[in-house]
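Subject: Structure handover

Hi,

Here is the structure I promised to pass on.

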Amino acid sequence: MRKYKRKLAICISMIVILLTLVGLLVYEHFFPMTKAPVGVWVYSEDVSGTASSAMREWFGNANEDPSSGEFSLEEPVYVNVILRIGNDGTYEQSVEKGSYDAARDALYQSCAAELKKSISAHLEALGMTGDASLSDAEAEELINEAVSMGSVEYLTVAIPDIIPSYEEYVKKYGDKGNYSVGDHSLTLGSRSAAKLIFDGESLLLDDTLYKKLSEKETGNDELTN
Amino acid sequence: MSSRIKKTVAFFMSLALAIILLYVNPVATNAITHKDIENLTLEIPDGTRFTVKTIHYSYFNNRFVSLRDMAYALGGTDKKFAVSVSGGEIVIKTGSKYESAGGENTGFDTSEYTTEGLKINPIKIDGRECRYYTFLGKNAEGINDAFISIADLAMLVDVDLGIDPETGILKMGAGDFCIDMDAYEKQGFYYEVSSALVGDARTGTVFSAFNEDVSVSCASTTKLMTYLCIMDAVSAGEASLEDTVVISEKAAALSQTSDGVIKMTAGQKAGLGDMLYAILLPSSNESALAVAEHIDGSEEEFVKRMNLKVKELNLSDSTVFFNCHGLPEYSDTVAASKIQNRISAYDMFVLSAHILNKYPEIKEITSTQKYKLEAFGLEIENTNPLLYNMPGIVGLKTGTTKASGASLVSAYDYEDEDGIHTIVAVEYGAEDATVRNTVSEVLIRYGIQCLEKAGSAEANEEAGFPGTYEELLKRIVLFKSRSR
């Protein structure tokens, strides 16, 4: 009798464990345990390549190999895209205006430097600069004399679309709505990222890598669509 | 007795022949009988109308008007002028009243009219000699008269003249000679040439242009590039204006051909500075060759220098040089073709502006009418017709070949409170010298008109924003080349 009771207890325990496991599996299927990447994340898009192409085309050598290095910006320049994922099931993505403006300014400054170098080289080839090259200040003065404006201002007029406009970036990245988390996947509104990997510092949505950003770093008033 | 009769018969036959010849050809052997003649109506500002005898030369509407009839008609206006035609010389005094000699304000009384051939007859206007193409003839009263193109007369005495397209009447405006370039272009002003351009060399502003990017044969206007290369070599210390140039066999041989301008012998010597006058005034091909060889050892090497300069100045693919003087030559192929140096009107404008900004001393050479070349014991003359016709013209170079037509690059110094602006007019492909001269003078005067109309700051705005790297570079080169 004792043996029978022991066997029965073991069977019942195994059945309970099995049912619990099945229950957990069913629950996991319908209510997955993957956490949402709640927080503020930033994706920094390097726009220097776009600007380099625009400058190369303006200089008139668009047909040359873009990797030839005839004109390419040495330092990357970024425009920040901020993704805020709340724990209430909503998200908001926007383009940081400050970063866009700073990027645009930096690009025009870099391009102006390249323009002045190019002008100096050309005048030197003409023998118009004597033994010394034209200094940056001298080239700036020449440009000012020729077009009645500084090199940066000139380039903003001559190449107004060195990178897409802020509005175009907003159209591309700006979004908000509800999100849902699947099995290692995240759906933001109509956008579905099949691959979702994140930890405390990074968020990878398909091929786009976001970095964790604190609220302090963004400054809420810059997040506008 | 028979010999006396023979002599008498021979004498009277000769006399008869002379009379016949005189009757048949009463004027010089180059006489022209014009069948397209017109009694043109001229209306002055107060509405009064006059009859002006007019020749349509070669083609209808290519009008040449009687100077005496025009002087008579303008006698009561502020553009009056006196004219006398005597011994083949025409003398005009602006502001003076014309004294009628008879026959003015009456039409042709025949259906044909005979004059001497069209040529540059000496004209003195207010004591200044100038060179315009005219016909010399006589009116019905037997009084000497001269016929000049309407455009040339308008520029000569600074009067606003225009043909009313509806009535065909020649109308005098109230003001000075002025150009409505839009109207001119619509009426086909540029169709007489292959390409043309007028602009301000100091700022790079282009006032008007036609086919300015088309590559054309540039003939002797090549010598402007030759001059630039010589002067750059001098600036770089590769040569000196004090150098003695020794004439080579090749240069001497060229001078003895039909393309030779100054006869030279091998071994002859001349100063490089003097040779610049020979290159730019009478367009001496042998001088260009001799200096090219002096600078670089051979013409081939010098031509390489010229084409390198094309790249340095960022000129277009329309421009290429095969020699230093602009003469045509044949390619060394079975199907030999005539090849000539080529340039576009815009590139020539940039080149000219570069030279004027970098080497303004060229104006001292190209504004010289006559120069004594001691080394060759002769006085050379400037071929630029505008130099004689317009005070203020400072250069630059003529060019003539069958392919290039009659061409001219001219320059005029215009001064305002901003300093001197040198207006450059480029003209290629005119059918003949009359067209070349008139078109070039109209272009220069249009440039003056544009600068008078607007200050230099405004002119810069009107020039347009140099939106491309190429345009910016061209503008900067012009500005930089002002300081050496």
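Predicted model: local features only at pLDDT ≥ 70, side-chain atom pairs only at ≥ 80, totals over all residues.

Residues are numbered from 1 along each chain as its sequence is written, while chains are lettered from A and ligands numbered from 1 in the order in which they are written.

**Chain A: confidence and make-up**

The average pLDDT (the predictor's confidence in each residue, from 0 to 100) is 81 for chain A, and 80% of the residues score at least 70. Confidence in chain A is highest in helix α5 (residues 151-158), at a mean of 94, and lowest in strand β10 (residues 223-224), at 37. Residues 62-69 of chain A have a pLDDT below 50, and that stretch makes 5 contacts in the model beyond near neighbours in sequence. A contact here means that the C-beta atoms of two residues, placed from the backbone, lie within 7 Å. The pLDDT also stays under 50 over residues 218-225 of chain A, where the model has 14 contacts beyond four places in sequence.

Of the contacts in chain A with a separation of 6 or more, 63% are between residues 24 or more positions apart. Of its 225 residues, 27% are buried. I call a residue buried if 20 or more other C-beta atoms lie within 10 Å of its own, exposed if 12 or fewer, and partly exposed in between, again with C-beta atoms placed from the backbone.

Helix α4 (residues 136-147) of chain A has 12 residues, which at 1.5 Å a residue should span 16 Å, and its end C-alpha atoms are 17 Å apart, which agrees. (The expected span is 1.5 Å times one less than the number of residues.) Its buried residues are A:Ala139, A:Leu142, A:Ile143, A:Ala146 and A:Val147. They cover an arc of only 105 degrees around the axis, so they sit on the same side of α4(A); the arc is that of the directions from the helix axis to the C-beta atoms. A:Ser148 is partly exposed, with 13 other C-beta atoms within 10 Å.

Strand β3 (residues 90-96) of chain A is largely enclosed by the rest of the structure, because 5 of its 7 residues are buried. Strand β2 (residues 78-85) of chain A runs antiparallel to β3(A), joined to it by 5 bridges; two strands pair if DSSP finds at least two bridges between them. The two form a hairpin with 4 residues between them, and A:Gly89 in the turn has a positive phi of about 90 degrees. β3(A) also pairs with strand β4 (residues 175-182) of chain A, antiparallel over 4 bridges. A:Glu92 stands opposite A:Arg84, and also opposite A:Lys176 in β4(A).

**Chain B**

Here there is an open sheet of 5 strands, β14-β13-β25-β24-β23, with antiparallel pairing. Its edge strands are β14 (206-210) and β23 (393-401) of chain B, each pairing on one side only. Strand β13 (residues 195-200) of chain B meets β14(B) over 4 bridges, and B:Ala196 has B:Phe210 as its bridge partner there.

One to check: the peptide bond from B:Gly395 to B:Leu396 is cis, with omega near 5 degrees, and B:Leu396 is in strand β23 of chain B. B:Asn105 has a positive phi of about 60 degrees although it is not a glycine. For context, most residues other than glycine have a negative phi, and most peptide bonds are trans.

Lastly, helix α15 (residues 469-480) of chain B is largely enclosed by the rest of the structure, since 9 of its 12 residues are buried. Among them are B:Tyr469, B:Lys474 and B:Arg475.

Cheers
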